Amino acid sequence: MEEKQTNCLTLIKLRSLLKLNFIRSLTILVVGLLFFIILPITCQAASLYLSPTSGSQTIGSNFSVSVYVSSSDNSMNAASGEVVFPADKLEVISVSKSGSIISLWVQEPSFSNSEGKVRFEGIVLNPGYTGASGKLISINFKTKAAGTASLSFVSGSVLANDGKGTNILTSLGSAQFSLVPFSTGPQAEEASSPVTATGVPGAPKVTSSTHPDPNKWYANNNPTFEWTLPEGVNGVNVLADRNPTTDPGTKSDGLRNSWTYKNVEEGVWYFHIRLHNAKGWGAVTHFRFQIDITPPEPFTIKFIDEPKTTNPTPTVIFDTTDSVSGIDYYRVKVGDKNFVNIDSEQLLASNPYTLSPQAPGKHNLLVQAFDQAGNYVTDSQEFEIIPLDQPQLRQTPQELAPNEILIIKGKTYSDSIVHLTLTPEGDKPQIQKAKSDSQGNFTLVWPKKLSAGTYQYSLYVEDARGAQSEPTKPLTLLVREKPLLKAGQIVVSYLTVVITIISLLITLLLVGWYSIVKFRRLRRRLQKEVGEAEQILHQSLLSLQDKVKSQLRLLERAKSKRELTIEEQKIIKNFKQDLAITEKAVRKEIKDIEKEVD
């Protein structure tokens, strides 16, 4: 019996022991499973979140929300995400990468105000990032309408730096902002509390010499406000706070027509004022004013290429944020050139920013970032453009005659532009260009003949990118008559004159000889003609004389038969006289002609 009881007790103890061991084993197994299940999650947990997550913003104001990554227990090397916002209430002004842990952007941060989305994707180079507040981007918003604006992630990823690209993202944050309206002007229906009693003062018209425009930011934290006191006013109540509709109360702050606050904190503020007379307190005017006295966040200019490069148009990155009023624009200046203004949206569209072509040598790049209040921060970096190799000159004339053309030959980079600068002594430089062929050979021909004088010339090459070489060492060109050629030209000139004179003399002699021959022929012809005329005239006179004499004989015969009348006697006498005179005159004229001919 006792043995049986002992056996039962032993069996009970064994069962208890087995039960206890089973419970312990089960506990160990469960704890082990939980350890292996929970440990990876704990060790590889990462999140994307927004900061700030809440706040109150007035319509028309700007504010910034940053995207952060938290990966405290594991190194991450890539992050991406898509943030949505209400497009009817918010508008993205810009997205900034300033202060980002991202080293290489797979997709440049972008936004769409029509879709209400902001996208980003980038890589953090080795050894990655480990921490609770790694800044990725900053989103600069402008409020559009009153209401509640919720921001959230619709997608995202955080990849571990484990060589496998494990997505360790476990949570996505969100943010919510209250957007409230504001009153800006002196109009009672928009800027004042309703008047409940008759005869009380109306809402005063408020102006500010320091902060005149309620929609602009000012780098002045000592605002001053002015107003006019109507007749009968015996009290003024003022208050400034961040609420656009605050009632300043019924305690008079004295009888005055201006008020100045000192050292006001940055942000959006409202100045509230009401007047009092014998009838009571009047309506309230709410005047908005904005203060930003802090410059934007410091930034550093980064060169995509090395600061020392052959690229004549370096690409740089520069952007920053301003947590109060937001970035307005940037100013960029290279060396002593003029500033170039770039607004924040333009920079976002063209960042990295490409500089205009720069000449070889060292340059200083100056960038200024201005916020909406005119505060600015500056950074400057030096960079150097390495020049191309100078053209190799093969034909470089040093002396030319005035009638010769300047021709220069050489070799340089293929399909490049060679510039020739020719400077006459005491005159302005002149430039001529030529393009090299696919082998780099070039021939540069000056388009016109050069006048006598001394010239200096040099060449440099410019490739398709705009990169340039340094000018070659200046060479001297002398344009003048060559001595031997000049002597030959003098001889030729003298010979030309002599030959011309001889030719002229020969011509004159020939003309004279020809004239004499012609004259002699003419004289012989005249003599012949005169002789013939004389003979004909002589015969005619003789014939006439015979006829006259025949008539005279008839008259004389008549005289023998009868006595001639006195008239007939006169006729005979006159005939004889006239005949003698005519013959004498003709003979004289013929002799004169013969004399002139001779």
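## Basis and confidence

Residues are numbered from 1 along each chain as its sequence is written, and side-chain values use heavy atoms, with hydrogens and water left out. Because the model is predicted, local features need pLDDT of at least 70 and side-chain atom pairs count only at pLDDT 80 or more, while totals for chains, interfaces and linings use all residues.

The protein has an average pLDDT of 83, and 82% of the residues score at least 70, where pLDDT is the predictor's confidence in each residue, from 0 to 100. Where pLDDT is low, the predicted coordinates should not be read in detail.

## Strand S10 and its partners

Strand S10 (residues 174–180) has a covered face made up of Ala175, Phe177 and Leu179, whereas Ser174, Gln176, Ser178 and Val180 form the uncovered one. Strand S2 (residues 54–58) pairs with S10 in the parallel sense over five bridges, pairing being called when DSSP finds at least two bridges between two strands. Within this pairing, Gly55 has Phe177 of S10 as its bridge partner. Strand S8 (residues 147–160) runs antiparallel to S10 and is joined to S10 by six bridges, and Thr148 stands opposite Ser178.

## The largest nonpolar core

The largest nonpolar core holds 36 residues, of which Val67, Met76, Leu136, Phe141 and Leu151 touch the most other members. Such a core is a set of buried Ala, Val, Leu, Ile, Met, Phe, Trp, Tyr and Cys residues joined through side-chain atoms within 4.5 Å, and buried means under 20% relative accessible area, with exposed over 50% and partly exposed in between (1.4 Å probe, protein chains only). The elements that give two or more residues to this core include S8 and S10, as well as strand S3 (62–84) and strand S7 (129–143). S3 gives the most, with seven residues.

Leu136, apart from residues up to four places away in sequence, touches a set of residues including Leu48, Val67, Trp105 and Phe120.

## Two buried residues

Ser96 lies in strand S4 and counts as buried because its relative accessibility is 3%. The side chain of Ser96 reaches the backbone nitrogen of Ser98 at 3.1 Å. Leaving aside residues up to four places away in sequence, Ser96 touches Ile137, Ser138, Asp319, Thr320 and Thr321.

Val284 is found in the loop between strand S16 (280–281) and strand S17 (285–291), and its 0% relative accessibility is why Val284 counts as buried. Although Val284 and Pro201 are 83 residues apart in sequence, their C-alpha atoms are 9.7 Å apart in space.

## Strand S28 and its partners

Strand S28 (residues 407–411) has Ile408 and Gly410 on its covered face, with Ile407, Lys409 and Lys411 on the uncovered one. Strand S26 (residues 392–395) is joined to S28 by three bridges and runs antiparallel to S28, with Gln395 opposite Lys409. Strand S31 (residues 441–445) is likewise antiparallel to S28, over five bridges, and Val445 in S31 is the bridge partner of Ile407.

Conventions: Helices (H or I, at least four residues) and strands (E, at least two) are DSSP runs, numbered from the N terminus. Contact means heavy atoms within 4.5 Å. A polar contact is a pair of N or O atoms within 3.5 Å; within protein, one must be able to donate a hydrogen and the other to accept it, and residues adjacent in sequence count only if both atoms are side-chain atoms.
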